[in-house]
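Please look over the sequence and the structure before reading on.

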Amino acid sequence: MSKMEVSSPCRIRRPSYHSSHHRRNSADSKTTFMPTFSKSEIDLSLYQNIAEIYREPMAPTGVYTGIKPSTGEKLAIKKIFKDELVNDYQKKQAAAEFPLHCSLDHPSIVKGLEWAENSREYILIMEYMNDAEYFKEKIDTRLAPIKNEEKIKSYANDILESLVYLHGKGIVHGDIKLENLLIHRFEGEKVPIVKLCDFGLSRVVDPKTKKFLMTVPVGSVSYMAPEIKSNTYVDEKIDMWALGIALYKMSVAYKPTQISGYKYGDGPIPFRRIDWRKRSKEIQDLISKLLEVDPAKRLSAQEALQHPWFQNQGFGG
C-alpha cells in the first residue's frame, strides 16, 4: 500500500510517557483524567502503510500495519474517516478518541504514540501487537476455548489492572470485548500480555456521581450490560459485565444466552457441567459476580482482583 495521504503540515499531539511492555500493579494509578499534549509539526508520510488489518464496509475506521522507515519500527495505524461519520454522536466521539487514548499510560493498554488530524481523517499511531487477532480468531472464529485456566487467569489479571487504572481516572471504556483485547507475545515467555485497545465508545464519568448519561444505547450487543438503556445514567460497572462475558467466552467459546431458554435475570448464570467440569469453582464464582444483573452488587475491578481465584499462582490485587 502507498504512504499515508496526509496534508502537510499536519498537527500532531504527543503524550509524554515512557513505553513499557511489562506488567505493574495499577492500584496506585487513581489520578483524575486530565489529558495534556504538546503540539509540534511533523510529516506523517514518514509513517508508511504496509498492510491492512481491518476495514469493513460502512465502518468509519480502518486499521493498518505500518512501519517507520527511519527506524524500521513496526507500528499500528488507525484512521477515522470524517466523511463516513453519520451523526453528531459519532463525530463527537471520533474527535475525543485519539486524544484520550494518547493520554493513557499503562502496560496493559495499547500505547497511543501520537495522533493527527486533517480535513479528511483522524490518525492514530499505536504500538504494534504481534498477535492482535488471537482471541477473535481462536474463540469467535474457530469456536475453540482456552484450555489452560492459568492462562485465562493471567489474561484476566492484565485486563483488570487496566480497568483499575481507567476507572481510577473516571474513564469507562464502554466496549470491552474479545476483539478489543490484543495479545503481545515475548520471545522466551510462555504467557503473553493482554492489552486493551479501542477507546471509541469511552466516556468520562461525572466526578461527583461517578456516572455518565447514556442517551442512546451503544456498545457491542452481546457484551452490553442490562442497565444500558436510552437516557440512563451508567457507570464503570458496564465494563465489568462485559469482562464477565469475555471470561465466559474464553472458557467455553460461547456466551450464557446461547444455552437454550436462558435469559439474563432468569436465574443463576448457567455453567453446563459437560463444558465446565475441568474449570475451577473459583472462576465460575468470579464470572457469576461479574454477571450480576444489579450493577450495585456487581464487582468492581479492584474487588475482582481480590477474588479468591487470583489468590494463588502469584496473582492478586
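Helices and strands are DSSP runs numbered from the N terminus, a helix having at least four residues and a strand at least two. On that basis Asp 131 belongs to the loop between strand E7 (121–127) and helix H2 (134–141). The model is predicted.

**Overall make-up**

- The chain contains 7 helices and 13 strands.
- Of its 317 residues, 50% are buried.
- Among contacts with a separation of 6 or more, 65% join residues 24 or more positions apart.

**Salt bridges**

- The whole structure holds 13 salt bridges.
- One of them pairs the side chains of Lys 78 and Glu 97, with an N to O distance of 2.7 Å. Because Lys 78 sits in strand E5 (residues 73–81) and Glu 97 in helix H1 (residues 88–103), this pair ties together parts that are 19 residues apart in sequence. Lys 78 and Glu 97 are both buried.
- Lys 78 also meets Asp 198 in a salt bridge, at 3.3 Å from N to O. This pair links distant parts of the chain, 120 residues apart: Lys 78 is in strand E5, while Asp 198 is in the loop between strand E10 (193–196) and strand E11 (203–204).
- The relative accessible area of Lys 78 is 7%, which is under 20%, so Lys 78 counts as buried. Asp 198 has a relative accessible area of 23% and is therefore partly exposed, as this value lies between the 20% and 50% cut-offs.
- Through shared partners, salt bridges join Lys 78, Glu 97 and Asp 198 into one network.
- Another salt bridge is formed by Lys 177 and Asp 175, whose closest N and O atoms are 3.8 Å apart. Both Lys 177 and Asp 175 are buried.

**Surface charge**

- A patch of positive charge on the surface is made up of Lys 147, Arg 273, Arg 277, Lys 278 and Lys 281.

- Asp 131 is partly exposed, with a relative accessible area of 22%.
- The C-alpha atom of Asp 131 is 6.9 Å from that of Leu 182, although the two residues are 51 residues apart along the chain.
- Apart from neighbours within four places in sequence, Asp 131 is in contact with Ile 183 and Arg 185.

**Loop position Glu 236**

- Glu 236 lies in the loop between strand E13 (232–234) and helix H4 (237–252).
- Its relative accessibility of 24% makes Glu 236 partly exposed.
- Pro 295 is 59 residues away from Glu 236 in sequence, and their C-alpha atoms are 9.2 Å apart in space.
- With neighbours within four places in sequence left aside, the contacts of Glu 236 are His 167, Val 172 and Ser 300.

Conventions. Residues are numbered from 1 along each chain as its sequence is written. This is a predicted model: local features need pLDDT of at least 70, side-chain atom pairs count only at pLDDT 80 or more; totals for chains, interfaces and linings use all residues. Side-chain values use heavy atoms; hydrogens and water are left out. Buried means under 20% relative accessible area, exposed over 50%, partly exposed in between (1.4 Å probe, protein chains only). Contact means heavy atoms within 4.5 Å. Patches are made of residues with over 30% relative accessible area and no salt bridge: like charges are joined within 9 Å, nonpolar side chains (Val, Leu, Ile, Met, Phe, Trp, Tyr) within 5 Å. Accessible areas come from the Shrake-Rupley method with a 1.4 Å probe; for residues, only the protein chains shown count as cover. A salt bridge is a side-chain nitrogen of Lys or Arg within 4 Å of a carboxyl oxygen of Asp or Glu. Lys and Arg count as positive and Asp and Glu as negative; His and the chain ends are not counted. The place of a charge is taken as NZ of Lys, CZ of Arg, CG of Asp or CD of Glu.
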